[in-house]
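Please have the sequence and the structure open.

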Amino acid sequence: MKQIAFSGIQPSGNLHIGNYFGSIFNWKKIQNNYSCIFSVVDLHSITVKQSPIDLKNKIFEVAAIYIASGIDIKRNIIFVQSEVKQHLELFWILNCMSYFGELSRMTQFKDKSKRLGKDQSSAGLFNYPVLMASDILLYDTNFVPVGYDQKQHIELARDLAERFNKNFGETFNVPEPLIKDDAKIMGLDNPENKMSKSAKSKYNRIDIMDSNDEIVNKIKKAVTDNVQDVKFDKKRKGIYNLLTIYKLLSGMSENEIEHNFSGKNYGYFKKDLTDLLISEISPIRENTLSILKNKNSIEKILEDGSKKARNIANKKIITVKNKLGLGIN
Ligand code: AMP
Ligand code: TRP
């Protein structure tokens with residue numbers, strides 16, 4: 001039996017290369033070794049305000065990007081979170097075992113609630129990591145392949161699994177994060193902060209659906225420095241970030257890359273990086289567009305995926321309810 005990997009992306013905003021390198025790029029690599037379940041986590045998206053029309057479109061777009069990127073739907077499950085009600089059942093149960101203190105310490109909550117202000121920060125935003133723990137724990141997940149910013153949330157999932165197991169007997173697998181050290185992509189216009197869907201300027205990120213011209217322009221504008229030396233130096237954050245992307249795409253070592261660009265200027269390096277990015281992103285964009293043209297087929301894939309997910313999740317919920325003494329059976 002293969003071990004299980006579970007992950008998800010929110011269908012809010014445009015998927016960018018930070019999301020891609022933090023998640024799908026690695027999912028493709030692990031899909032042969034694990035039994036994978038990839039969700040479009042739409043319930044997580046509504047923790048902040050969404051336009052219903054945009055949300056619906058993004059659900060299909062994100063699912064199409066998974067498939068267009070090369071996630072094999074025959075071997076893995078792709079589904080939409082809100083189609084599997086068991087996530088919400090476990091969510092409530094785990095909420096009753098989560099503490100105000102531990103949820104208050106979550107960096108993502110602190111950041112987002114600071115930005116939104118007290119009166120706009122929903123209870124959902126606060127409880128968001130508990131829903132994520134429910135996603136993970138329902139499927140006896142062994143590994144969670146995500147970007148570095150989700151580590152704290154996975155630790156909570158581990159704590160909740162251990163807490164439940166201690167109090168009610170062995171029920172949940174305790175999941176491990178699967179985080180690549182270099183999968184931390186910073187904003188192109190401001191390499192001090194991570195590349196983000198919510199950054200104001202479009203020059204912060206490259207979206208998966210960007211045209212080739214947009215990719216060219218955004219890399220041209222990406223912030224570097226005046227040193228003009230193509231070297232991996234963590235202190236020179238702009239060029240370091242671009243080199244990180246180059247390393248991920250080329251599969252070359254840092255030494256090889258530095259050797260390759262020795263004596264060359266940033267313009268030369270940026271041109272090479274742009275070519276690599278376009279050759280990775282443009283087929284995904286074109287595949288996504290063609291998948292989205294056939295709405296019935298993608299609906300069918302997501303319905304099949306939801307059915308499979310529901311079967312697994314339902315068994316776990318029955319066990320959990322029994323352990324807790326809930327219900328009539
Ligand atoms: P989200 O869009 O918040 O659902 O994030 C989807 C995935 O992208 C998660 O695994 C995140 O950890 C990852 N991610 C988001 N932003 C970045 C970034 N700038 N660099 C690397 N990974 C990221
Ligand atoms: N919280 C994750 C993010 O913002 C998305 C997510 C929701 C997720 N549920 C998950 C990731 C379960 C991995 C496993 O990126």
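## Ligand 1

A polar side-chain atom of N19 lies 3.1 Å from an oxygen atom of ligand 1. The model is predicted: local features need pLDDT of at least 70, side-chain atom pairs count only at pLDDT 80 or more, and totals for chains, interfaces and linings use all residues. Residues are numbered from 1 along each chain as its sequence is written, chains are lettered from A and ligands numbered from 1 in the order in which they are written, and side-chain values use heavy atoms, with hydrogens and water left out.

D149 also brings a polar side-chain atom to ligand 1, 2.3 Å from an oxygen atom. G147 uses its backbone instead: an N or O atom lies 2.9 Å from a ligand 1 oxygen. A polar contact here is a pair of N or O atoms within 3.5 Å; within protein, one must be able to donate a hydrogen and the other to accept it, and residues adjacent in sequence count only if both atoms are side-chain atoms. On its own, ligand 1 has 490 Å² of accessible area (Shrake-Rupley method, 1.4 Å probe; for residues, only the protein chains shown count as cover). The protein covers 93% of that.

The shell of ligand 1 holds 18 residues, each with a heavy atom within 4 Å. Q10, G147, D149, I185 and K197 come nearest. Helix 1 gives the largest share, three residues. By class, the shell has six nonpolar, eight polar and four charged residues. Ala, Val, Leu, Ile, Met, Phe, Trp, Tyr, Cys and Pro count as nonpolar, Asp, Glu, Lys and Arg as charged, and the others, Gly among them, as polar.

## Ligand 2

Which residues come nearest to ligand 2? They are Q10, Y128, M132, D135 and Q150, out of 13 around it. A polar side-chain atom of Y128 lies 2.6 Å from a ligand 2 oxygen. For Q10, the distance from a polar side-chain atom to an oxygen is 3.0 Å. D135 places a polar side-chain atom 2.6 Å from a nitrogen of ligand 2. Ligand 2 exposes 370 Å² when taken alone, and the protein buries 91% of that.

Strand 1 (4–9) and helix 8 (123–137) each supply at least two residues of this shell. Helix 8 has the largest share, with four. Helices (H or I, at least four residues) and strands (E, at least two) are DSSP runs, numbered from the N terminus. The shell of ligand 2 has seven nonpolar, five polar and one charged residue.

## The largest pocket

Ligand 1 sits in the largest pocket, and the space taken by ligand 2 is that pocket too. To sit there, a molecule needs more than half of its atoms within 2 Å of the grid points. A pocket is an open set of points on a 1 Å grid over the protein atoms alone, with protein on both sides within 12 Å along at least five of seven lines; a cavity is a set where a 1.4 Å probe fits but cannot get out; lining residues have an atom within 4 Å of a point.

The largest pocket holds about 1,400 Å³. Points are joined across faces, edges and corners, and a volume is the space filled by probe spheres set on them. The lining counts 50 residues; Q108, K112, D149, Q150 and K194 lie nearest the centre. Helix 7 supplies the largest share, six residues.

## The cavity

There is one cavity of 30 Å³ or more. The largest cavity has about 40 Å³ of space. Its lining includes Q108, K112, Y128 and H153.
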